[in-house]
Structures are given as structure tokens and as C-alpha cells.
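Have a look at the picture before reading on.

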Amino acid sequence: MPTIAPNLDCIAGSLAERFQKLYGTSPHIFLAPGRVNLIGEHTDYNDGFVMPAAIDFYIWVGVAKRPDRILNVYSEHFAEMVQLSLAALAGPPRKHWSDYVRGVAAVLQAAGRTLSGANLMIYSQVPLGAGLSSSASLEVSTALALMAISEVEFSPLELVKICQRAEHEYAGTRCGIMDQFIAVCGRADCALMLDCRSLEHQILALPDDVCIVICNSMVKHELAAGEYNRRRADCESGVKILQRHLPNMRALRDATLADLQQNQPLLPQRIWRRCHHVVSENQRVLGAAEALRSGDLAGFGRLMYESHASLRDDYEVSCRELDLLVELASTCEGIYGARMTGAGFGGCTVNLIRSEAVDSFQSRVTESYKKATGKTLEVYVCAAAQGARAWQPLVG
Ligand code: ADP
Ligand code: MG
């Protein structure tokens, strides 16, 4: 069965019941979506373009005020309660899930606001560590919860930056800004093209009759973190070399394919391929936005396949399982395009599929993947969702 997001009223209702049982009061409820990047991979830290969509799988936070300066935080995923004091949040990453909550509370307070003590309960529909950005949805939903009970306000962009800073300083991950941005600013039925340098963004409507289908390969290679840092270093080396001839260049975002061609003899082969991925990927994002505007889904899909090939061959961040999933997808009926999404070396692929073809896609890919790898695929059938918000129960 495809994992389709269950009814949101049911989730909110049963979270409220469990909250009542644990804490003896009823909660206010906040939710923030996970996200998938449709195209524009490894471009964010090169000042480039990305095109994420928020997905209708959320992290939910139930919250009620306490009269003291204590945060009690219960994660249902880990079945674990943590107690934090609002007076003692500082300190380096502890490599524990509560770092994200501690970080958000600390950065909100560092911005000059006094927070109230609170009881919190976290429920997640977003798989953890699968590249669908559970970390940003946890930060943003927690921030909204703490801000509401403390009667503190920030603009959406301030909220984005507070959450990113919490992840940098308290969880120790130097993430870009895409995840927090889309968790806050996502729009229902739309993707968003974000310029990671200027933070300008464009909302791009997705057609009604397509689904975003995410396939979780269920593999995570140990290589990922080290290789990620090596790719960043390769890009920086490329910029240094290219700057000899292009003195105004600040990041790979500023180079064109013609610049790369002209300077190819200067660039060691590996560095050239890394640069080639980033520069061509930025162009693909711009092309993909144009394709969406003109309703050219076939064109959008072609760019997804090209993005995957570039990540596999030039950037070398794919793996056997992701390549297989894209290959299998490409032989299915009703598919426009498929690619790996996220940093790579495992995690998920994203597929753009005509709605009526989703069931056959799902059974075919799951079966073939099992045969080839022995692994059981998880499939998330998503709609593009609105960004983080307070839960509004339906009246009546
Ligand atoms: P991703 O953001 O792709 O899911 P990350 O490694 O950035 O992967 O973030 C995952 C981490 O976020 C988890 O290991 C955990 O520390 C924290 N997290 C996410 N969801 C929850 C949750 N429901 N409860 C507690 N911690 C969570
Ligand atoms: Mg994350």
C-alpha cells in the first residue's frame, strides 16, 4: 500500500488525547511540513538555485504553558522525555534529538525574547534522517509552539534564520537555508524556486493531475558526511582557480558553462566535473521553472533525469540503489521524471507521476526493487503542502 498522508483532523485529535494523558491538560497544536527538493541538488552552498516543495507529511508539536522556566519535551518517536531549563540552554551539540529543541529555544531567547516554560509533545509523520528534512520541520514547529505560548512574534524570514542558526550552533550541522525556508514558506499545490544568494523566491503552481512520489531506498551509506564535505571543498577549489580569470566571481553561481569550457585546461579533471555539475544544475533549475510556467511536464521530467545523471557521473554522490530506482521508474507508465533527492549516498528518489498511474508505479517499483536488492521500499505519495502553521480544528 502506498503511504498516503492520513487525515489531519485524526492526527491532531489523537495527539491531543495523548498529550492530555501525559500532562493532564489540553494542548495547542502546531505543525510544520517535511520537504522534497524537486531539482537543484548541491547548488545551495554554491549560492545557486533550488526548487523544493513542502510535503503533506508533518512534524506536529502539542504545547501547553507551564508557570515555571522548565521545558518538558516528549518525543513519541524516541519514546523519551527530556527536561530543559530555559535558564541553562547554552552549550555545544550533545548529539541528541533534544539539541534541536534546545537550539530553537536558545536562539529565540538570544533574539531578546523571554520564553515561558512549557510541556511539549512531538509526533512525526516525516521519516527521520531520510533526506525529507525532519530536522527543519522539528525546529520550525517547535519555534511556532514556543512563540505562541510566550506571545512572541517574528517575521517568516526571521523565523527561518532563527531555525537555521539553531541547527548550525546547537545541532552542529552547517545546513543551507532551503529546509527551513520551505518549511515556513511552502504553498499548497506549488513548488518554490529559491535563489539561495538573495533569498528571492518564486511560487510555481504544480498541475492538479500529477503526484510527487518519494521512494525511500532504505539505505544510508556511512560515506555521506565525509563525502559531502569533500564536495564542498572541491567546489571551493574550483572557485579559487576560476577566480584567476574571473575576478568578480564569488561562488560557482557566478560561472557559466562557457566560462568552464574556456578554463577547462586550468581545472583538474575531478574539480572540473564537480563544477560542471553545479553550473549545469543551476541552469536546469531555471529551465525547470520555465517548463512549469509553460505547463511542459515532459520537459520538466527530462531535466530531472539529466539532474540525476549529472549527480551520478559528474558529482558522484549517487549509489547503486538510487540509480536502480531511477532506472526502474523511467520504465513505468505515466512518469514524467525521476532523480535522487537530498545529499546522496542513499536516502530518497523523487518522482513526478500522473495521478492515475501512481498505484501501478508503486507496485512495480517496489517488487523489482525487492528482487534486485532484497530491501523493502517505502513509498510516500505526497501533495505539495502549505508551510508551518497553528492547527485549526474544523468547526462543527
Ligand atoms: P533529515 O532532516 O533529513 O530528516 P537530519 O539528520 O538532518 O535528517 O535530522 C534528523 C534528526 O532530527 C533526528 O536524528 C533527530 O535528532 C531529529 N528529529 C527529527 N524528528 C524527530 C522527532 N519526531 N523526535 C525527536 N527528534 C527528531
Ligand atoms: Mg535535516
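Start at F345, which sits in the loop between β10 (335-341) and β11 (346-354). Keep in mind that you are looking at a predicted model. F345 isn't a glycine, yet its phi is positive, at about 55 degrees.

Is F345 buried or exposed? Its relative accessibility is 7%, and anything under 20% counts as buried, so F345 goes in the buried group.

## Another positive phi

K95 gives you a second case: phi is near 60 degrees, a positive value, and this residue isn't a glycine either. To find K95, look in the loop that links β5 (80-85) and α2 (98-110).

What about its cover? The relative accessible area of K95 is 67%. The cut-off for exposed is over 50%, so K95 counts as exposed.

Now move to strand β6, which covers residues 117-124. It's mostly tucked away, with six of its eight residues buried.

Which strands pair with β6? One is strand β3 (residues 49-66), which pairs with β6 in the antiparallel sense over eight bridges. As an example to look for, A64 has N119 in β6 as its bridge partner. Another is strand β4 (residues 70-75), which runs parallel to β6 and is joined to it by five bridges.

## Around ligand 1

How many residues surround ligand 1? There are 18 of them, and the closest are S75, G129, G131, S134 and S135. Both β6 and α3 (134-150) supply at least two residues each to this shell. The biggest giver is α3, with three residues.

Sort the shell by class and you get 10 nonpolar residues, eight polar ones and no charged ones.

## Polar contacts with the ligand

Zoom in on a few of the atoms. The side chain of S75 has an N or O atom 2.8 Å from a nitrogen atom of ligand 1. With G129 it's the backbone that takes part: one of its N or O atoms there lies 2.8 Å from an oxygen atom of the ligand. G131 also uses its backbone, with a polar atom 3.1 Å from an oxygen atom of ligand 1.

How much of ligand 1 does the protein bury? On its own the ligand exposes 570 Å², and the protein buries 81% of that.

Terms used:
Residues are numbered from 1 along each chain as its sequence is written. Chains are lettered from A and ligands numbered from 1 in the order in which they are written. This is a predicted model: local features need pLDDT of at least 70, side-chain atom pairs count only at pLDDT 80 or more; totals for chains, interfaces and linings use all residues. Side-chain values use heavy atoms; hydrogens and water are left out. Buried means under 20% relative accessible area, exposed over 50%, partly exposed in between (1.4 Å probe, protein chains only). Helices (H or I, at least four residues) and strands (E, at least two) are DSSP runs, numbered from the N terminus. Two strands pair if DSSP finds at least two bridges between them. A residue is near a molecule or strand if one of its heavy atoms lies within 4 Å of it. A polar contact is a pair of N or O atoms within 3.5 Å; within protein, one must be able to donate a hydrogen and the other to accept it, and residues adjacent in sequence count only if both atoms are side-chain atoms. Accessible areas come from the Shrake-Rupley method with a 1.4 Å probe; for residues, only the protein chains shown count as cover. Ala, Val, Leu, Ile, Met, Phe, Trp, Tyr, Cys and Pro count as nonpolar, Asp, Glu, Lys and Arg as charged, and the others, Gly among them, as polar.
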